[in-house]
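Welcome, and thanks for taking a look at this one.

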Amino acid sequence: MKKLLVLLVATMLAVGSLSSCAAERTEVWTPREAPAVRMTLPEEEKLAAQQAILDKGTLLFSGKTNESYLPTDLGWLKNAQPEDALALVWACDDPTHGGWGVLGLNVNGQQLDIAAVSDQPGRERLNVYPIAQLVQQAGVETPAELSHFMLGAWNGGRVAELYLLEAEAAGELQQMLAAVADTEAILHTYTGELSNENAIPEAKAVYEYLKATWGTACLTGQMESTWMGSPDYEMLFLQKHTGKLPAIRGLDFMHNDFRGVVERSIQWWEMGGIPHICWHTGSDFASGYNESKNHNLNWEEALTPGTKAYVRLLEAMDRAVPYLQQLEDAGVPVLWRPFHELDGGWFWWSKGGSENFVKLWQLMYSRYTDFWGLDNLIWLLGYSGNGGNMAAWYPGDDYVDLIGADSYTPGANGRLYEEVTTIAPEGMPIVFHECGTIPTEGEMAADNAPWLMFMVWHTDFLTDGKSNTAEGLNEVYQSQYFITLDELPAFE
């Protein structure tokens with residue numbers, strides 16, 4: 001029956017419309033009820049407790065948008081104790097700058113940048129900086145050696161309040177924040193199995209391999225382009241310079257390239273590799289990169305079952321179903337990474353904020369898995385490199401199989417890896433699903449960031465000789481630590 005439904009949808013999509021019976025079916029369908037992902041405390045209670053502690057400190061500065069704090073008298077800082085702390089309450093008053101740097105804490109010429117998170121960038125937030133941290137940042141031995149301090153603000157940044165807290169109040173604040181974090185921690189239920197208990201054997205085999213590999217080796221991955229004369233442009237480049245091919249091939253349903261992606265995914269699987277599919281598309285699920293950034297939704301209507309907007313969203317989302325079903329019919333598992341860089345703020349799927357994103361992810365998961373019975377997908381939750389407040393965007397262990405982030409900053413990005421580990425359930429592999437420069441084995445070891453895989457973005461990031469040199473590529477692809485296509489097992 002499932003195959004018949006999928007064939008019917010494929011036929012209807014080919015002529016550009018869904019039948020009235022399909023519309024009726026989508027109107028009455030609702031996703032499974034999602035379990036609680038984490039507990040949340042009332043915001044007003046948290047803010048009241050926070051302010052009660054801040055009032056015990058000394059208010060140093062309260063500014064306007066883009067107004068910096070550059071004190072001429074540093075006696076308060078030089079006489080501070082290492083156990084004291086600065087408590088910074090800040091916001092970004094330009095909502096278009098979510099994810100951008102908006103503040104900079106500079107001591108003795110060494111600056112620590114502060115970026116506005118994409119989820120509610122205008123919300124006032126608290127950062128705590130122990131004086132000992134500032135001393136370390138400045139590269140000196142004692143607070144008395146701190147000769148320069150500036151708290152800069154730009155791109156809509158605003159210093160709402162800056163306090164100096166003595167050790168007792170600083171410790172009290174840290175204890176309160178830790179207690180809130182413990183209470184609001186993600187409720188993990190991950191058992192080490194795929195989230196879809198009906199997953200096809202090939203998907204289960206790939207997943208077991210990924211879990212066994214994580215921490216001992218790193219899989220090579222390469223994103224393809226389709227406009228450089230051949231969709232194998234990057235693969236041919238790698239073969240020429242390394243004699244090998246990556247274990248994972250990245251593909252994209254962008255611009256409705258459904259048939260091409262399916263064909264290349266099947267070919268890659270038959271060669272022994274693992275396909276990885278993302279989707280740059282607008283909220284119509286029938287467009288490309290520009291629309292993925294420019295579109296948005298009326299989130300309340302689109303996520304309310306029974307509304308026309310909800311039906312349209314489901315019909316649009318279903319465009320990929322027949323093609324993912326073709327892959328399942330061919331026994332091809334897919335690392336499925338929809339709504340990537342989910343917390344970045346630049347794609348439409350993150351413009352509604354974290355709460356709406358979670359509902360959107362859960363909706364697609366339930367639609368594809370429960371309604372259409374797609375059992376070949378390994379669901380990869382892909383954060384951006386922004387960091388900050390990742391937990392708010394997490395849809396729950398029942399909806400995720402792999403978790404990761406991407407960054408185009410060279411190196412192993414250990415800070416980003418650490419942030420992902422704070423929300424990942426124990427045992428779930430962590431992936432570096434996009435990068436410009438491949439991190440070396442030494443960099444990953446030094447940063448304690450054993451990513452399960454990397455995937456270099458296409459065209460110039462691979463071929464310009466700057467992001468990755470030919471010698472560097474060859475060293476990685478010949479290394480025993482990095483797994484290439486020819487080194488993958490047979491997934492049977």
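## Overall build

With 492 residues, the chain would have a radius of gyration near 23 Å if it were a compact globule, and its 24 Å agrees with that. Please keep in mind that this is a predicted model. The chain holds 18 helices and 17 strands, and its C-alpha atoms fill a box of roughly 75 × 55 × 40 Å along the principal axes.

- Of the 492 residues, 54% count as buried.
- The chain exposes about 20700 Å², and carbon and sulfur atoms supply 50% of that area.
- Take the contacts between residues at least 6 apart in sequence: 76% of them join residues at least 24 apart.

**The nonpolar cores**

- In soluble globular proteins, nonpolar side chains tend to be buried together.
- The largest nonpolar core here has 110 residues, and those with the most contacts inside it are Leu219, Trp336, Tyr368, Tyr383, Ile403 and Phe454.
- Helix H14, spanning residues 354-371, gives the most to this core, with seven residues.
- A second, separate core has 30 residues, including Leu60, Trp76, Ala116 and Val140.

**A closer look at Tyr383**

**Helix H12**

- Helix H12 covers residues 308-317 and is mostly covered itself, with seven of its ten residues buried.
- Those buried residues are Ala309, Tyr310, Val311, Leu313, Leu314, Ala316 and Met317.

**Leu105 in strand E3**

- Leu105 lies in strand E3, which runs over residues 101-107.
- Its relative accessibility is 2%, and because buried means under 20%, Leu105 counts as buried.
- Beyond its neighbours within four places in sequence, Leu105 is in contact with Gln110, Gln111, Leu112, Tyr129, Leu134, Gln137, Phe149, Met150 and Leu151.
- For a sense of distance across the model, Leu105 and Pro275 are 170 residues apart in sequence and 43 Å apart in space, C-alpha to C-alpha.

How values were computed. Residues numbered from 1 in each chain as written. Predicted model: local features only at pLDDT ≥ 70, side-chain atom pairs only at ≥ 80, totals over all residues. Heavy atoms only, no water. Helix = DSSP H or I, 4+ residues; strand = E, 2+ residues; numbered from the N terminus. Rg over C-alpha atoms; globule rule 2.2 N^0.38 Å. Buried < 20%, exposed > 50% of the residue type's maximum accessible area, 1.4 Å probe, protein only. Contact = heavy atoms within 4.5 Å. Areas by Shrake-Rupley, 256 points an atom, 1.4 Å probe, with all protein chains shown as cover. Core = buried A, V, L, I, M, F, W, Y, C linked by side-chain atoms within 4.5 Å.
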